[in-house]
Amino acid sequence: MACLPCLLQCISLQFRTTGHLCQLLVNYFGCRFREPRLTDKQMHYNIVIRRSFFCVVILSANALSAQIPGQREWPFFPPQATDLPEIESDWIHNGIDAFVLERLNAAGLQPAPEAARRQLVRRLYLDLIGLPPTPEDVESFVHDDTAGAYAALVDRLLQDSRYGERWARFWLDLARYADTAGYEGDPDLPHAWRYRDYVIDAFNSDKPYTDFIREQIAGDEFEKVMGAGELPGTHPERVVAMTFLRLAPFTEPRGDESRHELLSEMTSTVSSVFLGLTVGCAKCHDHKHDNIPTRDFYRLKAFFATVSIPRPEPGDGFQIGGSLPAPFYRSGEQTWAKEQRAFFEGEIRDSKKRLQQLTKTLTERLGGQAGFGIQAMGGALGNNYIFGRTPVHEGDPHTSIVNCDGKLWTFFTDSRVEQHTGSNAGSNQGQWFGDLPNPQHISLGQYSEGTGQVKVPDANHAGQIAQILIYDHPLNEIERGELEVWLESRRMTSEIGPDSPALPPGEGLCFWLDAADLDANPARPNPPAGSPVSNWTDRISGITISQTDPRLQPTLTVIEPDGESERGSERVGVHFEDDFLTGSIADAAFLSHQTGALVMVYTARHTHEGYGFEVGGDGAFLSTFVNPAASSRESLDSVLADADNTLLSKEDRRNYRRLSGRERFLTQQLKRLQPLAMALRHSFGPPYEAGVPTSRVMIRGEYDNPGEVVAPGFPRCITGNDDPAKIRLDPFKRWPTRSRRMALADWIASPDNPLTARVMVNRIWHWHFGRGIVATPSDFGKLSGGASHPELLDWLALEFVAGNWSLKKIHRLIVTSSAYRQTSVHLNTQAAAVDPNNQLLWRFRRRRLEAEAVRDSVLFASGRLNDEQFGLPVFPPLPGDIDERVKFSNTKWDTQAGPQGRKRSLYIYQQRTLTMPFMQSFDSLVCDESRPRRQHSVTPLQALAMYNGDFVSEEAKHFGARVCTEVDSGIKPQIERAFQIALGRSPSSGELGEMKAIADAAGMAAVCRVLMNTNEFIYVD
């Protein structure tokens, strides 16, 4: 048995590095107290002895640990310098491999072989710049036999400006980046995009991570104040960097409550992003798992107590707060912004002119296209004013039929069905005479509004009325044809006698006004043409409408032939100008009908709204009308909104909506080009503003329930004490509110901080391998499960610090390791049984590309990816109804169908209430909180988006056209080229045969769509 001092030393070392003391003791004693079978009494004594010895060991280990200054549980002690494992193996390229191989050997496992060169070059490109390599890039690497070819490729990609675009996306997830504030209204954050460009620059320039931290937390406090003069200015880049603290979702302010929530969110985000601690869980109560009391949350929050956010801009109804001046500082950016402003201002002027011209054109097209109509109005009827689209006011004879099936009115003009109708009010609900609540009157020639009296003198019919017929059912096609023949036969005589034609065809006729027989007695002749008409009687039921006032009596006339009839015959009619006939209709049969048909033969020569045949009572009525101006009174917007209205084409609608919204959208773009940043500052303090507020614990996290007073300080689980932080004030103490955030940033960015370097290298590892050494990148607490390779994590953290906190050096270290270069296509049943989750890294973990990389790869393959970098957010087209419902309803989504909308996905406008459907299907979310990891689901929607979606279908056509342009020598070479572009390899003989069959049947675009739908296209192998 080992001596106790040696055992205690071993225990102490293990405890410092893992914290798993109990497990170590169980293992230790479990392997050393295996004895022969004992009696029950002997076993009892042994148990007593072991328990006593166990307690002595624990107490001694604790005492030994206490003698070593600053020793705390993992990960709250500084990374420990560890000698690299001494393993002889050609597999080891750098220190990463030594640690990985040591763990694999201990488990009895071997690493997977190195991936093929084609696999490696594709992996590197997708990993480091987020885009696949070109066929030329692949072939160049595959055929480069020099010893340093792989390292040279890594260096070239790390210097590629697309590297910053790729890796900025991951940081923006952490920063909960968005271009809108979220919540109701989701107001625009017009200057947030500048922070996105700042992050891209920071990664491309390999800004030391410590500077990156300080600039985002305290960019305005870099300059030390040594005298009594003015505060030093802040470089605009650092002003932009502090947007990090303002990117949380924001709802309309509620005073102290909102400030409490705002500063609490800053505290939670800073601690999780930079320290990997869920300090926010201690806002309302002590952390349930980690040693973070509520008091420590509010000690951290006190660092932000003096934060000042600019007041809202005038007219900002959402009150989200203003911005700070930040001149454009990037090379050429001022010139670019000036050119963009001039372009947008010119486009506003041009769009106004084009909108005026288009509005005039569309209005003229709609004007005059209104014909016979019917109106149901009053009481429960509402107001439904519907008309046909065939003009009937030129004075020629017309026959109009309105069928009602109880749900809809259907209009026929001169035997032709009206495919589309117009409306000045309401909708087509198919109301009929049976819907009238209390019908009492029937009238002809004027607007009566169901009263039997003229209500509006100028709403009269001007023309002749020859026939009005009402049926008890809608007329079918055969009946309408028979009626047309019958009406043609009536166009020959001015009188009706005993031998006149029979009744109109069709069963169910229940009302008939016939101008050729005014008194409904065929045995008596009509008055001569030109006679006043004082009475007109229905030939079915004897209902009579009359007029005793000679001034309102219409006249009997002959309707002149329209010149188109071969027989040139005449038709008898009653001529109306300002005339009016009315009568009682209480006993009419059709008043109970819910369905039916109304037929009217007439001419109309008026340009105003003229009412004809009306039935009603108590202010409710059903009436016919002819209103030539009806369509001009229609709202152009309502016609545009009516998807079934074919008077305007889809192109008309798209152009009108785009032009009508241009000024609104472009004005917002101009606002984005102002030299401002969505940043904050420290308050100036007395006498200008309030002084340093007293920071208190808010009991249960409630903003209005203050508890004990606290001073700014760091979590004691890290520092081991509750001492207040040392905040350096200026010598004259003129600015007591200043330097708090810099004190916090300096402590976080210190090489002595045990978490900062560990957390960041673990994030990089997670983004390269798909799983971190600590599986929860923003939570290094007890729920994280600890590190799978703690010595490796510490070694990487120390390398990070020693390398001047260079992110690119860590990238280079990781991707040049043999662990990274393993193949993902590796079957090892033993390893799968021992380590099914691949925590020991016995192979490379295959993973799907993120949503942004999938979209970018599709555009890259089609040759249409716009490689323009930086700048304003872009608005790619949205599919289906979203395109109509979202982009024109507010000032946010300004669809860009051209090259601007095909920039990398990083630049897409991040609207918190809208995620692009294609991106969303691949688990992309617009962040409402810090997101350390991406989901990787597998759903049918992904297959549908890739195979049937508008975006991929369109790009597949361009991909096919690209292939045919680049290779014009035949289908096989074209298929070969398509494989090289999409997958970085040539097709097998079987694949070539299958693709040739597809190409023969459906063209090269179909081949390209199939390739983009392969797992190989959207997965990193």
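The buried residues of helix α13 are covered by elements that include α12 (256-275), β22 (695-698), β23 (706-710), α19 (716-719) and α20 (740-748). Contact here means heavy atoms within 4.5 Å, and a residue is buried under 20% relative accessible area, exposed over 50%, and partly exposed in between (1.4 Å probe, protein chains only). Helix α13 spans residues 294-301, and because 7 of its 8 residues are buried, it is largely enclosed by the rest of the structure. Those buried residues are Thr294, Asp296, Phe297, Tyr298, Arg299, Leu300 and Lys301.

The structure is a predicted model, in which local features need pLDDT of at least 70 and side-chain atom pairs count only at pLDDT 80 or more, while totals for chains, interfaces and linings use all residues. Residues are numbered from 1 along each chain as its sequence is written, and side-chain values use heavy atoms, with hydrogens and water left out.

Stepping back to the whole protein chain, 33 helices and 25 strands are found; helices (H or I, at least four residues) and strands (E, at least two) are DSSP runs, numbered from the N terminus. Of the 1021 residues, 53% count as buried. Among contacts with a separation of 6 or more, 73% join residues 24 or more positions apart. The accessible surface comes to about 44000 Å², with 52% of it belonging to carbon and sulfur atoms; such areas come from the Shrake-Rupley method with a 1.4 Å probe, and for residues only the protein chains shown count as cover.

Confidence is given by pLDDT, the predictor's score for each residue from 0 to 100. The protein chain averages 88, and 89% of the residues score at least 70. Over residues 40-70, however, the pLDDT is below 50, and this stretch has 30 contacts in the model beyond near neighbours in sequence. Residues 563-569 also stay under 50, with 9 contacts beyond four places in sequence. Where pLDDT is low, the predicted coordinates should not be read in detail.

With a disulfide taken as a pair of cysteine sulfur atoms within 2.5 Å, the count comes to 0. Cys281 is in no disulfide, its nearest cysteine sulfur being that of Cys284, 9.7 Å away; this distance is too far for a bond. Cys281 is partly exposed, with a relative accessible area of 40%, and Cys284 is partly exposed, also at 40%.

Gln942, finally, lies in helix α28 (residues 940-947). At 8% relative accessibility, Gln942 counts as buried. Leaving aside residues up to four places away in sequence, Gln942 touches Arg848, Ser921, Phe922, Asp923 and Ser937.
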